[in-house]
Amino acid sequence: MDIAIGDSGRTLTLPAHWQELDTVPEDAPGTVAFGYRTAASFAAVTLAPLDGQMMPVDRDDVIRGIQPALQEAQAELVDVDAGETPFGDLLVYTIVETPEPEDGDGAGEGDQLNLTLHFAVDNGEYMAPYMVQGFFTGDRDEALDQARDLVTLVITAESATAG
């Protein structure tokens with residue numbers, strides 16, 4: 001499955017188990033939704049133009065900034081990184097694990113991994129910012145592998161004119 005990253009000229013190419021999902025009316029214009037379901041885990045992800053400020057592109061600043069929210073939510077920071085991609089894009093992401101809800105939505109499905117990824121692509125005129133927001137549930141190891149693989153796929157998304 002291929003997903004255009006806005007009008008950046010870049011394409012995110014996902015493995016075959018990923019499927020396009022419907023967006024909801026509350027999603028920003030230009031949002032694309034996709035996900036997967038395996039026997040062990042599932043995910044729902046959106047990719048959209050970022051209409052707000054990017055997280056700081058500094059790993060230590062991100063960690064300091066997220067700590068109060070983690071403590072309040074009894075969540076754990078599993079992975080974080082920030083910097084520049086091989087293509088010169090700016091990128092910052094966090095993967096946070098939140099406890100399984102005791103009842104209601106998500107109960108009985110295991111802990112949830114939340115991926116938040118901000119990246120800015122040089123489209124030839126300016127750095128166009130985007131956000132990927134993903135929710136991964138089920139087997140922790142598989143869900144974490146899928147979240148990290150998605151980050152790698154975003155980092156390596158190439159332009160149709162690259163080569």
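In which element does Asp 149 lie, and which residues does that element span?

Author: Asp 149 belongs to helix α2, which covers residues 140-155; helices (H or I, at least four residues) and strands (E, at least two) are DSSP runs that are numbered from the N terminus. Before going further, please keep in mind that this is a predicted model, in which local features need pLDDT of at least 70 and side-chain atom pairs count only at pLDDT 80 or more, while totals for chains, interfaces and linings use all residues. Residues are numbered from 1 along each chain as its sequence is written, and side-chain values use heavy atoms, with hydrogens and water left out.

Let us begin with the surface. Asp 149 counts as partly exposed because its relative accessibility is 43%, where buried means under 20% relative accessible area, exposed means over 50%, and partly exposed is what falls in between (1.4 Å probe, protein chains only). Together with Asp 139, Asp 141 and Asp 145, Asp 149 gathers in a patch of negative charge on the surface. A patch is made of residues with over 30% relative accessible area and no salt bridge, with like charges joined within 9 Å and nonpolar side chains (Val, Leu, Ile, Met, Phe, Trp, Tyr) joined within 5 Å. For the charges, Lys and Arg count as positive and Asp and Glu as negative, whereas His and the chain ends are not counted; the place of a charge is taken as NZ of Lys, CZ of Arg, CG of Asp or CD of Glu.

In one of them, Arg 148 pairs with Asp 79, and the closest N and O atoms are 3.0 Å apart. This pair links distant parts of the chain, since Arg 148 sits in helix α2 and Asp 79 in strand β6, 69 residues apart. Arg 148 is partly exposed, with a relative accessible area of 33%, whereas Asp 79, at 16% relative accessibility, counts as buried.

In another salt bridge, the side chains of Glu 97 and Arg 140 meet at 2.9 Å, N to O. Here too distant parts of the chain are linked, with Glu 97 in strand β7 and Arg 140 in helix α2, 43 residues apart. Glu 97 is buried, with a relative accessible area of 9%, while Arg 140 is partly exposed at 32%.

Asp 89 forms a salt bridge with Arg 10, and the closest N and O atoms are 2.3 Å apart. Asp 89 lies in the loop between β6 (76-84) and β7, and Arg 10 in strand β2 (residues 10-13), so this pair ties together parts that are 79 residues apart in sequence. Asp 89 counts as buried at 3% relative accessibility, and Arg 10 is buried as well, with a relative accessible area of 11%.

Leu 90 has its place in strand β7 and counts as partly exposed because its relative accessibility is 30%. Leu 90 forms a nonpolar patch on the surface with Val 57 and Met 127, and together they have about 190 Å² of accessible area, a value of the kind that comes from the Shrake-Rupley method with a 1.4 Å probe, where for residues only the protein chains shown count as cover.

Methods:
Salt bridge = Lys/Arg side-chain N within 4 Å of Asp/Glu carboxyl O.
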